[in-house]
Amino acid sequence: MERPQVNNNSSATVMLGLEGMAVLAVSEHDGELEYAIETTAATGWCPVCGAIARLHDRRPTWVRDLSAGDRPVTLVWVKRIWRCVHPQCEQQTWTETHPAIAPRASWTERARAHACRRVGRDGHAVAAVAREFGVGWATVMAAVRDHGEPLLQRACPGAAATAIGVDETAFTRANAVCGTGFATGIVDLHRVRLIDVVPGRSRKVLADRFSEQPDVWASAVTVAALDLFRGYGAALSAGLPNAVRVLDPFHVVRLGFAAVDDARRRVQQETCGHRGRGGDPLYGIRRVLRRGADNLTEHAWARLLSGIEAGDDDGQVAKAWVAAQELRAIYGCRDGDHAANRLYDWTVLGIDSGVAELARLARTITTWREEFLAYFNAGRISNGPTEAVNLLIKKVKRVGHGFRNFSNYRLRLLLHCGIRWNHQIPTPLRGRLPRLAA
Ligand SMILES: [Zn+2]
């Protein structure tokens, strides 16, 4: 029996938007749409002998597609089964294929690509996307892998990076069996993008990662920002021979104020014999002590001075506070020579101050002197972009309610903060016409 001719340019076919597919009928059941479709290739050719084929049978397959409006869509593809009529051909029957719907797939390729964008670009949970399409978690994750990995290979996040930063983030939480699992992120500081994540936070993992890179990549990196962790420092100098190592100012300043905190706690214990509590003068100014002097209001100054006077008999907290402010102020120097002179004076004062915390800090900073001063000659680069990327990493981790599989974790991080996504931007319907501008 000859089937009625299908109009390949019907409105429904245009709305479907799948090349080589035509809509036969649309129906609605319980708020869901069902499109019956077929391919527009009405003639089949034998894949073995090339003879023209005869239609043998039809068989429907059901697949999920992108939703239309807010209604889930199921495609019922009425597949043709062809038969070769050449008497000597070994091929008997075969089923037609289409690139938009893989054999035995439960959803269309464009729905899979959409799921990859939702999870990768938008950072949504795999489980949420799976719920929306009515498919399983593993089905969505497979789509993210299938569509995401080629994207990463094409984008090559590490290529042409000239300044990088490294920092650690927690990957798995500690439990009764094992401690917190860490991962080290490598970030392109200029483009604020994640280049890679490696499991662990030691010198070895970072050095191994650099040694896997082509030499061209390693020699292109001219600046590397890091916090005060010897392991990373050693891996950076070994793996990136041309890179100047720069100590991140934020971490240095934070270390200075941590010394003030330590000194305050010790003096508190020595003078009152207990930990700080409400009513103790030093405890009352603990937050004021952590602020930069130029950010203090008149009221805050008054509180600071009265707290120090009442609780800091030997002036040790005051000394630590002045030193932390001075350390912070060194970053305001106009060039490396001035900074070097001020740092020298600061170190001498710190070591001779008689405040244990300050002397320790001064010794630490001395061992990092070169990296500290490199900041002034390397374009005043900081690890700020790395911290920005860390926020995105933590967001992905929270949305996923934690991760167990490191390769899935790495893939999702790189898709979310390692590559630039090209997507079609809809044409604005209403421009800012003069009559609409208020
Ligand atoms: Zn044949």
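These legends cover close-up views of one predicted model.

Local features need pLDDT of at least 70, and side-chain atom pairs count only at pLDDT 80 or more, while totals for chains, interfaces and linings use all residues. Residues are numbered from 1 along each chain as its sequence is written, and side-chain values use heavy atoms, with hydrogens and water left out.

**View 1. Domain layout of the chain.**
The assignment gives domain 1 (1-105) and domain 2 (110-155). Domain 3 is made of 163-175, 185-248 and 382-417. Domain 4 covers 249-377. These bounds come from an automatic or database domain assignment. The centres of domain 3 and domain 4, taken over C-alpha atoms, are 30 Å apart.

**View 2. The interface of domain 3 and domain 4.**
Here 12 residues of domain 3 contact 12 residues of domain 4; contact means heavy atoms within 4.5 Å. About 1,200 Å² is buried between the two domains, 67% of it on carbon and sulfur atoms. Buried area is the accessible area (1.4 Å probe) that two parts lose on being put together, summed over both. On the domain 3 side, Leu228, Leu247 and Asp248 lose the most area to domain 4, together 50% of what that side buries.

The rule finds 1 salt bridge here, defined as a side-chain nitrogen of Lys or Arg within 4 Å of a carboxyl oxygen of Asp or Glu. Arg245 pairs with Glu371 in a salt bridge, with 2.4 Å between the closest N and O atoms. Strand E10 (residues 244-247) gives the most to the side of domain 3 that touches domain 4, with 4 residues. Strands (E, at least two residues) and helices (H or I, at least four) are DSSP runs, numbered from the N terminus. That side of domain 3 divides into 6 nonpolar, 1 polar and 5 charged residues. Nonpolar means Ala, Val, Leu, Ile, Met, Phe, Trp, Tyr, Cys and Pro; charged means Asp, Glu, Lys and Arg; the others, Gly among them, are polar.

**View 3. The salt bridge of Arg201 and Glu168.**
The side chains of Arg201 and Glu168 meet at 3.2 Å, N to O. Arg201 lies in the loop between strand E8 (193-199) and helix H5 (203-212), and Glu168 in strand E6 (residues 163-172). The pair links distant parts of the chain, 33 residues apart. By the rule, the count comes to 24 salt bridges.

UniProt, in an unreviewed entry, places "domain: Transposase IS204/IS1001/IS1096/IS1165 zinc-finger" at residues 44-84. Such annotations may be inferred rather than shown by experiment. In the model, residues 44-84 are 0% helix and 73% strand. Their end C-alpha atoms lie 9 Å apart.
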